[in-house]
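Here are my notes on this two-chain model. The points start with confidence and then move to domains, the interface and the backbone.

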Amino acid sequence: MDAFPEATPGTSGRSDQEALKIALINEKSSPEILMFQEDLVSRIEAQIDYQEEQIELMRGNQDLELLRTIFTTELARVRYLLRCYYRVRLHKIEEYAMHILDTAEVKERLSDREDAHAQEFFMLQGTHLKMAVGRQLPEAFSSLVRQAAAHPEKDMVPRPDLDKHVFCRVLEDRGQVPVDDAGNTAQFNKDDVFVIRYQPLQPLLAEGSVCLL
Amino acid sequence: MFAKQAFELVQEVLSCPKDVIPPYNDEAFRNVIDEVNMQHERLAAVFQRERTDRLQEFRWTHRSLPAHVQNNLSPLELQYFAGYDQLLNKYMRSGRLGVGLDLTADPTPPEDPFVQVRVLRDYGEVMFSSGKVALQRGKSHWLPRDEAHPLVMDGVLEFLAATSC
């Protein structure tokens, strides 16, 4: 055991793993794409690399077989969470590609890779639709966005339904919180659970005062 | 007249189960397109979009297109699938461009990291993190779950335990 004084990413990583789980569930339950958790994800990735090294070092040592199995199990769990996180985001990005690329404030929430994927995916889909439907749409994707954006109703652009109801748990006392446009408020105390329209939760979710369920 | 045809065209796709893509009805589609107005264009786009959504879904669940689906696609749609495949591969690749994880792998939460599988067809030797394994038809092995999953999707292996995938 002495050979692994630092081999406890489990303990130091516990909170990060927990945070990733919360980020994943938030992302799954929220109708719109949320801010990419860049710092958290790079810490998790570093922990995965480290844990892989440790498991590799234990290979062939019979005494450490159990520990190795435990480490492998933990690694598979973290990888699973990370894959889910990337996956659920990518699905939303593809579904709402035009809306996201068209809205600077939303586009900012993507990682660089997601941003690149969104643009290329939008090109792919746009080109396909153009050729398949045979309509004259402008070549460059930017003008494609602009044309779609210029359409007064934009009703052909799929966008997330921010009025959707979601379950949330309050993580810290926030006092009276506005819950609709009519000025109604609700008392948000730690550990309260609400079923509520998503929109008024947006700022609280970004600040980490609530998590979705 | 053609509006009815446009509507039926969309109905045709939507009425099929999600894992089926009906034959590409080029003639009906062209008829609809020739008669261009906003309404038709919208239905045409819905029709195309529903089909591309299903093509994407196949990339996530099967990795490649089963023959019975491939036969029902237009040349453009085959091209679309190839393009989407390329995009997704790039996003999942290691290095600067991708996240370095196969996002289509093992969509169920891991329980045991190892899983028992049976080999469905000869596949030669494969290097797993647990060691080298010769995949011979009919044999069963204990393999790391997330590494076995892609081969299950390809039809090389099947899970033996009652675990869903």
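1. Two residues are in contact if their C-beta atoms, placed from the backbone, lie within 7 Å. Chain A averages a pLDDT of 84, and 83% of the residues score at least 70. Residues 1-14 of chain A have a pLDDT below 50, with 7 contacts beyond near neighbours in sequence.

2. **Ground rules.** This is a predicted model: local features need pLDDT of at least 70, side-chain atom pairs count only at pLDDT 80 or more, and totals for chains, interfaces and linings use all residues. Residues are numbered from 1 along each chain as its sequence is written, while chains are lettered from A and ligands numbered from 1 in the order in which they are written.

3. **Confidence by element.** Helices (H or I, at least four residues) and strands (E, at least two) are DSSP runs, numbered from the N terminus. In chain A, confidence is lowest in helix 7 (residues 141-150), at a mean of 50. It is highest in helix 5 (residues 104-107) of chain A, at 96. Chain B has a mean pLDDT of 85, and 88% of its residues reach 70 or more. Within chain B, helix 2 (residues 26-34) is lowest at a mean of 75, and helix 5 (residues 75-92) is highest at 96. The model scores ipTM 0.83 and pTM 0.76.

4. **Domains of chain A.** Chain A is divided into domain 1 (9-93), domain 2 (101-150) and domain 3 (165-212). The bounds come from an automatic or database domain assignment. The centres of domain 1 and domain 3 of chain A, taken over C-alpha atoms, are separated by 28 Å. Their contact takes 7 residues from domain 1 of chain A and 6 residues from domain 3 of chain A. The domain 1 side has 4 nonpolar, 3 polar and no charged residues. For these classes, Ala, Val, Leu, Ile, Met, Phe, Trp, Tyr, Cys and Pro count as nonpolar, Asp, Glu, Lys and Arg as charged, and the others, Gly among them, as polar.

5. **C-terminal annotation of chain A.** UniProt, in an unreviewed entry, places "domain: DNA replication complex GINS protein SLD5 C-terminal" at residues 160-213 of chain A. UniProt positions are given in the numbering used here, feature names are shortened, and annotations may be inferred rather than shown by experiment. That span of chain A is 11% helix and 41% strand, and its end C-alpha atoms lie 18 Å apart.

6. **Interface.** 25 residues of chain A are in contact with 25 residues of chain B. On the chain A side, the elements that give two or more residues are helix 3 (65-95) and helix 6 (112-133). That side divides into 12 nonpolar, 6 polar and 7 charged residues.

7. **Layout of chain B.** Chain B has 6 helices and 5 strands, in the order α-α-α-α-α-β-β-β-β-α-β from the N terminus. Buried residues make up 22% of its 165 residues. The domain assignment gives domain 1 (2-92) and domain 2 (114-159) of chain B, with centres 34 Å apart over C-alpha atoms. An unreviewed UniProt entry places "domain: DNA replication complex GINS protein PSF1 C-terminal" at residues 112-159 of chain B. That span of chain B is 19% helix and 50% strand.

8. **Positive phi.** Most residues other than glycine have a negative phi. Asp191(A) has a positive phi of about 75°. Asp191(A) sits in the loop between strand 3 (185-188) and strand 4 (193-197) of chain A, and is exposed, with 9 other C-beta atoms within 10 Å. Phi of Arg63(B) is near 70°. Arg63(B) is in the loop between helix 3 (38-61) and helix 4 (67-70) of chain B, and is partly exposed, with 14 other C-beta atoms within 10 Å.

Methods:
Buried ≥ 20, exposed ≤ 12 C-beta atoms within 10 Å, placed from the backbone. pLDDT = per-residue confidence, 0-100.
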